[in-house]
Amino acid sequence: MPKRRFAILLLVVAGLGIGMMTAQTQQQITITKLTVLNGNPSVAVGTSVLVSAQGTYSDGTSGFLSGGGGAPVWQVIFSPQIDVSPCMTQTTSNTTYLSQNFGVNSDGSFHAVWQPANPNTLAADGVLTPASITASLKCAQFGSRTGSMSAAWNGTNYTGTYSFTNNGNVTIFGTVWTSSNPSVATVDATGSVTAKAAGSTTITAVFGSTCPPQAFTSAVSCSGTVSGSTVITVVPSSTTVTVTNPTGASQNNSDNNDQNAIKSGYVVVTPISGATTGALDVVETFGLKEGDGTEGQAAVLPASMTTNALLFVNTNTQIGRDLGFAVVDPGTSNANLTLTLHKNDGTFVAVKTLTVSAGTQTAKFISDIFSDQAAALVSFTGSVSILSDQPVAMMGLRFRGTGFSTIPVTSLSSALSVPTIAAGVGGTSAVILPHFAQDGGWSTEINILNSTSATLTVRVDFFGADGKPIQVTMNGTTQNSFRVAVAPSGVMTLSPLDASGLSRF
């Protein structure tokens, strides 16, 4: 039945429950194991794949320490506490900066800002390599009082010195990525592996502390390291890799696996270079394989982040007409939505509440959300207004039987940016696609257009409804994150391909 198929497509999954340790308990909690997650052990020459370092803690919880699953977190601890009084608007001394977390870009560069309760900031701009860290320190507001910070890897962490208005020692904890065979594949500071030549290599992550990262809390007493690794095989770009399904059956080298369960979630497209805020052009197309082998299709543009939206509703259960509604909360706090249904003459019908956990996607039919209004929705025309206490992204698919089309969501709030989801993922220049579907008869194609005169480089990250990176197969490669380059005035397409290398679209 069409509703059941779409209900399967729009999975509702519980929220991600990874919590940071409090200052009161951090000294009692240690990292007992580091696992390098990699769902794509075979990659083609010239392609990239993101791997993730996940720590298992002594209290039974876990959290991402670096890579595709979460921001690479580095922790700086000053000893003695750094004196930032020149950065203050008052003349009194302030030595509250004990530690700070910051993320690292793919080239090892970083920009960290310390911001206490007072209206002043201290900034650090530097470069990290597997052997050393160097950075300049200055008052972010005034651009003055420049100091320095430098440290070298000693086998368990980075140790060195800092100079600002006072001098002292610095200890820096974080994840160092290495490749045993960089001629086969290299790995950058974010856990992105780039395949260079055919062969195999071991990718290793070493986290320079036995305590989980925690901002503004001393972790000096946590000594030693934890490490993990994974083996990646690089195949020639002309070789087609056969992927084994969870059931053990071969895909026959086809990216479309109609026998498997539907994979669904959301997509974030982030420019690496060549695009500024508002300049990223992306078109997403959904396809559903019909019984006669044809493909129903509908296209959608990226969604606006919004806290106030309006959606047209037209249902008729007698002919299988319904509205599929998907909403993503890419932020760090749960989004509480209030949905109010009105008839076409403005008459109030009902109000419902819906909570979307931080980082996750929820997708339902309007008839399911307002299931107590079944009699009204037998033949209904009207609208649903959606208010959220956190910025969310939404989209709608209008169904009649197995036929479907996209339906615009009107944002009534001011323009909002996609939040930073992980290092290099999201941010002011990124766009978000609230839904994708692959396998079980469904296909999703993503087209990136470059209207500029310079090469555009972007990364495309796929997340499941639970907010975790999810493996998908596009252009013959299976991974959770893709890096693509788009020529000036050109187009780059990511699409599931059949055994002959053709797309259904």
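First, the term I needed: buried means under 20% relative accessible area, exposed means over 50%, and partly exposed lies in between, with a 1.4 Å probe and protein chains only. Of the chain's 505 residues, 50% count as buried.

Ground rules next. I am reading a predicted model, where local features need pLDDT of at least 70 and side-chain atom pairs count only at pLDDT 80 or more, while totals for chains, interfaces and linings use all residues. Numbering starts from 1 along each chain as its sequence is written, and side-chain values use heavy atoms, with hydrogens and water left out.

I looked up the secondary structure and found three helices and 38 strands. These are DSSP runs numbered from the N terminus: helices are H or I with at least four residues, strands E with at least two.

Contacts came next (heavy atoms within 4.5 Å). Among those with a separation of 6 or more, 66% come from residues 24 or more positions apart.

Then the rings. Phe, Tyr and Trp (its six-membered ring) pair if ring centres lie within 6.5 Å; planes under 30 degrees apart are stacked, over 60 edge-to-face, the rest tilted. I get nine aromatic pairs. One of them is F365 with F399, edge-to-face at 6.1 Å centre to centre and 70° between the planes. F365 sits in strand β26 (residues 361-365) and F399 in strand β27 (residues 379-400), 34 residues apart, so this pair links distant parts of the chain.

Why does F365 count as buried? Because its relative accessibility is 2%. F399 counts as buried too, at 4%. Ring pairs also join F365, F399, F404 and W442 into a cluster.
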